[in-house]
Amino acid sequence: MINSLLQKAKWSPNFIRAFGVFSGLRLLIQNVNFWPRENPTVKSYNVPGYEEKIFLRSTISDHATFRQCLVMLQYDFLALPQATRLMNSYHHILKSGKRPLIIDCGANIGLSCLWFAKAFPEAQILAIEPDDDNFHILQTNTKHLGNRVTAIQGGVWNKTARLEILNPHAGSASFQVKATEPQCAKGVTAFTMDELCNMAGSQEPLIVKLDIEGSQAALFESNTDWVKRAHLITLELDDWLLPWAGTSRNFFKCLSQLPFDYLIHKESIFCFQDFEVDQLPDLASSKS
């Protein structure tokens with residue numbers, strides 16, 4: 001009991017800063033449990049700043065993801081100096097009559113999507129998640145956004161394949177995948193970035209968010225022309241989780257050939273490509 005109270009006291013400034021005193025303390029009491037129970041029961045929460053209820057299972061993973069995405073604002077990079085140019089690109093794409101594209105790989109239960117949808121209200125978001133249970137909660141959390149979010153069950157890879165989850169008993173935010181033969185009935189479809197861009201009708205992703213538990217080793221091994229067209233790539237590095245596996249080496253090898261700025265912010269690395277707005281393509285002339 002004492003430890004639980006200490007845990008709540010530790011988190012209280014973050015919840016109050018994110019949601020105000022009353023709502024912050026209410027969500028803190030609901031969200032932080034020193035002895036969490038792994039329970040698939042889904043509960044809904046009213047969260048200030050979000051128009052619809054947010055759904056979480058009573059699991060360590062879902063509540064940790066809530067704190068990461070919506071309390072600590074893991075993906076809020078808007079105060080970084082390079083964000084001004086990215087926002088200029090966002091508005092340039094809109095003025096051309098196109099919808100900016102955000103690709104959320106490892107979307108989990110959709111909380112990162114909710115933040116992106118709030119920060120970029122006119123963007124289209126592709127949310128890719130391989131796990132069945134996560135995917136269903138993702139769909140529930142993003143349903144009210146209509147065609148602004150397209151949820152896709154699958155994974156991201158450098159070629160056509162099927163993907164199987166390697167560690168099905170891990171926490172639902174820690175699943176790792178491996179490739180199998182394309183004709184294999186098990187697992188989920190692996191999509192390339194070019195395939196995802198084609199689905200969205202845009203070859204110029206504004207933001208690519210990667211939280212893919214080591215799969216970046218394969219993703220950046222080949223078929224990386226899409227990187228030249230991405231304005232921002234954000235990645236949660238996994239070397240701490242997979243020591244000496246080299247999961248980040250292909251990522252740095254690929255991006256180091258291009259004019260990116262790298263900023264470590266919270267738990268991610270944010271890689272902004274050096275696109276001046278006057279160097280961007282005339283997207284209006286290519287409207288379909």
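Buried means under 20% relative accessible area, exposed over 50% and partly exposed in between, as found with a 1.4 Å probe on protein chains only. The model is predicted, with local features needing pLDDT of at least 70 and side-chain atom pairs counting only at pLDDT 80 or more, while totals for chains, interfaces and linings use all residues. Residues are numbered from 1 along each chain as its sequence is written, and side-chain values use heavy atoms, with hydrogens and water left out.

**View 1. The largest nonpolar core, of 45 residues.** Such a core is a set of buried Ala, Val, Leu, Ile, Met, Phe, Trp, Tyr and Cys residues joined through side-chain atoms within 4.5 Å. Those with the most contacts (heavy atoms within 4.5 Å) inside this core are F66, F77, L111, F120 and I207.

**View 2. The salt bridge between D62 and R57.** A salt bridge places a side-chain nitrogen of Lys or Arg within 4 Å of a carboxyl oxygen of Asp or Glu, and the structure holds 5 of them. In this pair the closest N and O atoms are 2.8 Å apart; D62 is buried at a relative accessible area of 0%, and R57 also counts as buried, at 8%.

**View 3. The salt bridge between D194 and R229.** Here the closest N and O atoms are 3.0 Å apart. Both side chains belong to partly exposed residues, D194 having a relative accessible area of 30% and R229 a relative accessibility of 25%.
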